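Please keep the sequence and the structure in view while reading.

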Amino acid sequence: MACINCTPIFNPASLLIENAKDCEKCTKVIDYIECNSSLAYLVYSIDIQEKFKKMAPIFNGSQLLMFNPRFLDEGYSEGEILSDIIDSLNIKNTTYENNNEIENVCNIIMGHIIDRIKDLIFDNPKGYLVSLLTILEYSIHLTFMTVGWLNDEENKINIEKITDDVGKLIIRSLKFQRDNNYFGQFEQIYKDWEGTLSLDKLALQYGIEVVSYLSKNRESSNKEISQIKLGKLIVTIRAMYELLLTRDEASKNKRLQIDKEGNISTKKVDNYKEFSKLYVDSLIGRKKSSFDLKVKGKFNRVCKKYIGISLDDINTIIDNLMKYYCNSDDFLIGTKEYFQELIKNLSGCSDEDAKVFMSNLLSNGKDTFDFATNTSLRNNRPLRKCLITVDDDIIACPISVLKFSLIGFYSDITHATLPESPFQKELFKIVDKNVNEKFEMDVIKYLQENLHGVYIKGDIKENTLPDITYGKRFVHFSGQIDIIMMYEKKLFVIECKNPDLKYTEKAMMSEVNRFREKGDFQKKLITKVNEVYNNWDSVVKFLGVEENVEKHTPISFFVINTFSMAVLEKDLPNQVIPFSNLIEWINQQI
């Protein structure tokens with residue numbers, strides 16, 4: 001424990017429960033954790049195994065342990081909660097076809113969900129808050145384990161050495177199904193499982209915000225919470241988040257339908273099996289990104305300017321966090337001042353810089369309920385603002401949640417996906433000029449290594465391509481062309497996009513719209529293709545092609561480094577191709 005009353009001299013180890021002192025405030029938070037964390041782990045581990053069992057058989061090696069005949073079912077619906085509320089409101093078999101109606105009916109249902117959450121946590125709100133933090137930590141643990149296993153190309157992970165029994169059982173089952181092509185649906189099973197974990201992380205963060213808000217100024221008990229109520233709370237939080245996702249989709253389509261059974265209709269991916277396979281292939285085959293020292297230096301300078309410490313310092317904190325604290329499922333507990341000392345100690349920065357940086361991790365503790373209206377990645381979500389005050393001025397944060405938040409913050413910086421601000425704008429300039437250009441260069445190198453006899457040029461800007469068609473000095477293009485390539489007498493115009501991986505349906509669909517016919521990505525590429533076609537002779541000579549090639553409309557497409565739902569769109573003017581499928585797709589065009 002670490003506050004001025006119990007630990008006058010700071011030491012990182014003093015933040016751990018095992019080093020607890022007799023301070024009354026710190027002891028109260030310890031009681032919340034010790035009374036409820038073990039039960040929370042137990043309830044969620046049972047719950048998540050049931051989720052997995054609905055998707056796939058569970059194996060121990062080749063031995064079948066559990067099997068649910070409904071494992072092919074899609075989705076993660078918590079329909080019973082929603083159906084029960086809909087039944088009480090007498091709104092079964094109804095349809096809503098404008099956004100005001102859709103928003104109103106969803107707000108009414110949401111109000112009933114919030115009331116249920118109030119009732120469930122009434123007797124011990126702080127105990128349930130700590131329990132949800134414990135469950136979020138375990139969900140992160142399962143996510144790291146799952147994604148790490150999928151990307152373990154060299155088989156470095158020894159499954160038998162995994163100490164978490166639930167995680168070991170699930171990874172064994174996934175491995176058996178991948179290795180033996182069990183039911184031929186490994187990719188769909190994997191995507192379902194990862195989707196469950198992803199939605200749980202989003203829903204749990206939302207639930208923590210709601211419970212934190214509802215528990216303000218409320219007295220709590222140090223008694224153990226109810227196992228039954230915690231199970232219901234998990235399901236209710238999932239139902240709450242699903243309602244918000246459904247509302248967003250219905251608002252976009254201008255239609256929300258509730259059938260006679262009380263089920264709310266949602267739009268499904270048309271070809272879920274193809275979606276799953278492309279998603280898994282993209283995760284495994286994506287181009288690994290890295291920065292050279294020059295680019296890292298630019299990030300470091302901008303970070304120091306706005307958040308007190310450099311990008312390298314964030315990495316140092318993450319590394320030292322794991323060195324100081326071996327058990328990532330432990331809680332760190334202390335005052336704001338002592339967490340500030342922790343940042344200073346792990347990074348080697350000054351007191352003032354530690355204070356500035358810590359403001360990026362400290363939960364604001366909203367005084368209004370406005371955040372409970374949307375599914376956007378809220379700036380105050382617990383996997384960014386992870387330092388949450390549980391009681392008085394004492395913060396409790398699982399080590400792995402702090403680590404995940406730091407990794408996420410690092411990723412947001414390097415992708416320039418922070419909320420709009422002067423900091424984000426400066427980051428975007430670095431990303432746009434350096435990181436995206438590096439992806440373009442990596443694509444060119446990959447094509448040169450894998451396509452024999454290819455003619456290729458990249459980063460074609462103004463005053464780059466000599467004009468021999470119209471007698472001007474240079475060909476005028478409306479914007480930079482990433483790659484022009486001649487292969488097997490076919491001309492290609494390639495646009496490289498390196499977006500961050502989208503996790504929510506809302507974010508995915510927003511990205512898809514940019515790739516659709518009326519989206520800005522398509523419009524710009526179509527214009528560039530026309531300009532290349534109209535300057536055919538100049539382009540062919542610029543590439544160094546000596547043999548005669550019949551003039552034709554260039555084959556144009558986007559190549560991306562992460563999965564996007566735009567990959568599944570079949571009627572795009574220019575297709576979106578994952579990096580993992582690049583060579584195969586090009587050869588199909590010849």
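The sections below go from the chain as a whole to its cores, selected helices and backbone angles.

## Overall composition

The model described here is predicted. Its protein chain has 590 residues, of which 53% are buried. The secondary structure comprises 18 helices and 12 strands.

Among contacts in the protein chain with a separation of 6 or more, 74% are between residues 24 or more positions apart. The chain exposes about 27,500 Å², and carbon and sulfur atoms account for 47% of that area.

## Nonpolar cores

In soluble globular proteins, nonpolar side chains tend to be buried together. The largest nonpolar core in this model holds 129 residues. The members that touch the most other members are Ile109, Ile117, Leu174, Phe357, Leu387, Leu402 and Ile413. A second, separate core has 29 residues, including Leu465, Met486, Val493 and Val532.

Leu402 illustrates the packing within the largest core. Leaving out residues up to four places away in sequence, Leu402 touches Leu321, Leu332, Leu342, Leu361, Cys386, Leu387 and Cys397. Of these partners, Leu387 is itself listed among the core members that touch the most others.

## Helix 12 and its cover

Helix 12 spans residues 351-358, and its buried residues include Ala354, Phe357 and Met358. These three lie on the same side of helix 12 because they cover an arc of only 95° around the axis. An α-helix has 3.6 residues a turn, so residues three or four places apart point the same way.

Which helices cover the buried residues of helix 12? Among them are helix 9 (293-307), helix 10 (311-324), helix 11 (336-347) and helix 13 (399-415). Phe357, one of the buried residues of helix 12, also belongs to the largest nonpolar core.

Ile46 belongs to helix 1 (residues 24-55). This residue counts as partly exposed because its relative accessibility is 43%, and the limits for that class are 20% and 50%.

Thr134 is located in helix 4 (residues 125-150). Is Thr134 buried or exposed? Thr134 is buried, since its relative accessible area is 8%, and buried means under 20%.

Phe186 is found in helix 6 (residues 186-214). With a relative accessibility of 6%, Phe186 counts as buried. Phe176 lies 10 residues away from Phe186 along the chain, and the C-alpha atoms of the two are separated by 9.4 Å.

## Positive phi angles

Most residues other than glycine have a negative phi, and most peptide bonds are trans. Asp459 has a positive phi, near 55°. This residue lies in strand 8 (residues 455-460), and its relative accessibility of 28% makes it partly exposed.

Glu488 likewise has a positive phi, near 50°. Where does Glu488 lie? Glu488 is in the loop between strand 9 (481-487) and strand 10 (490-497). With a relative accessible area of 49%, Glu488 is partly exposed.

Methods:
Residues numbered from 1 in each chain as written. Predicted model: local features only at pLDDT ≥ 70, side-chain atom pairs only at ≥ 80, totals over all residues. Heavy atoms only, no water. Helix = DSSP H or I, 4+ residues; strand = E, 2+ residues; numbered from the N terminus. Buried < 20%, exposed > 50% of the residue type's maximum accessible area, 1.4 Å probe, protein only. Arc of directions from axis to C-beta. Contact = heavy atoms within 4.5 Å. Areas by Shrake-Rupley, 256 points an atom, 1.4 Å probe, with all protein chains shown as cover. Core = buried A, V, L, I, M, F, W, Y, C linked by side-chain atoms within 4.5 Å.
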